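Trainee: I would like to learn how to read a model such as this one, feature by feature. Could we begin with the surface and then work inward?

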Amino acid sequence: AFFETIPAQTARVAVAYADYMTAQSPSPEDVLRAALNSRFQFFLIDTFSKSAGHLFETLTLPRIVHLVEKAQTAGLPVALAGSLGKTGIRLAASLRPNLIAVRGFVCRGDRNGSIDPQKISALRELLASLQTPAGSGQPQSP
């Protein structure tokens with residue numbers, strides 16, 4: 001009955017927190033399991049507490065890799081987020097998610113600031129550096 005109250009064009013995103021114990025929320029594995037058994041269009045792994053560190057500091061790389069692979073194998077697109085800086089974006093890109101969320105990386109000051117055009121340019125340069133020289137669009141290893 002819950003999904004019937006949401007407009008059909010609204011994408012349903014299952015959000016798992018890497019720091020789920022701090023958030024007092026289900027584990028990422030439990031969220032993914034629920035997402036795969038329901039009508040979700042995306043699986044997002046993010047951080048709850050922005051002061052506790054970035055995604056790869058709050059959840060182990062093997063767990064993140066497993067979650068990404070399991071979701072994508074089942075046809076559920078994945079987004080990675082969580083206070084990602086340059087190194088985190090490179091690492092996230094190497095896992096081949098469908099999306100990487102970068103709010104704080106492109107804002108003036110902190111994540112609540114306005115979008116900074118210079119930071120957008122820096123992000124473009126970073127993303128371009130992840131492309132193979134042949135231009136196939138495949139990220140290189142960080």
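Mentor: Accessible areas come from the Shrake-Rupley method with a 1.4 Å probe, and for residues only the protein chains shown count as cover. In this case the protein chain exposes about 8200 Å², of which carbon and sulfur atoms supply 55%. Bear in mind that this is a predicted model, in which local features need pLDDT of at least 70 and side-chain atom pairs count only at pLDDT 80 or more, whereas totals for chains, interfaces and linings use all residues. Residues are numbered from 1 along each chain as its sequence is written, and side-chain values use heavy atoms, with hydrogens and water left out.

Trainee: What radius of gyration does the protein chain have, and what would a compact globule of 142 residues have?

Mentor: The radius of gyration is taken over C-alpha atoms, and the globule rule is 2.2 Å times the number of residues to the power 0.38. For 142 residues a compact globule would come out near 14 Å, and the 16 Å of the protein chain agrees with this. Along its principal axes, the C-alpha trace spans about 45 × 35 × 30 Å.

Trainee: In what order do the elements of the protein chain run from the N terminus on?

Mentor: Helices (H or I, at least four residues) and strands (E, at least two) are DSSP runs, numbered from the N terminus. The protein chain has 6 helices and 4 strands, and from the N terminus on they run β-α-α-β-α-α-β-α-β-α.

Trainee: In what order do the 4 strands form the open sheet, and is the pairing parallel or antiparallel?

Mentor: Two strands pair if DSSP finds at least two bridges between them. Here the 4 strands form an open sheet in the order 1-2-3-4, with parallel pairing. Strand 1 and strand 4 are the edge strands, each pairing on one side only.

Trainee: Which residues of strand 1 make up its covered face, and which its uncovered one?

Mentor: The covered face holds Ala 14 and Ala 16, while Val 13, Val 15 and Tyr 17 form the uncovered face. For single residues, buried means under 20% relative accessible area, exposed over 50%, and partly exposed in between (1.4 Å probe, protein chains only). By that rule, 35% of the 142 residues of the protein chain count as buried.

Trainee: Is Asp 46 buried or exposed, and which residues does Asp 46 touch?

Mentor: Asp 46, which lies in strand 2, is buried because its relative accessible area is 15%. Contact means heavy atoms within 4.5 Å. Not counting residues up to four places away in sequence, Asp 46 touches Ala 16, Tyr 17, Ala 18, Asp 19, Ala 81 and Gly 82.

Trainee: Where is Val 68 placed, and which residues does Val 68 touch?

Mentor: Val 68 sits in helix 4 (residues 61-73) and is buried, with a relative accessible area of 2%. Leaving aside residues up to four places away in sequence, Val 68 touches Val 78, Leu 80 and Leu 95.

Trainee: What share of the contacts with a separation of 6 or more comes from residues 24 or more positions apart?

Mentor: In the protein chain, such residues account for 56% of those contacts.
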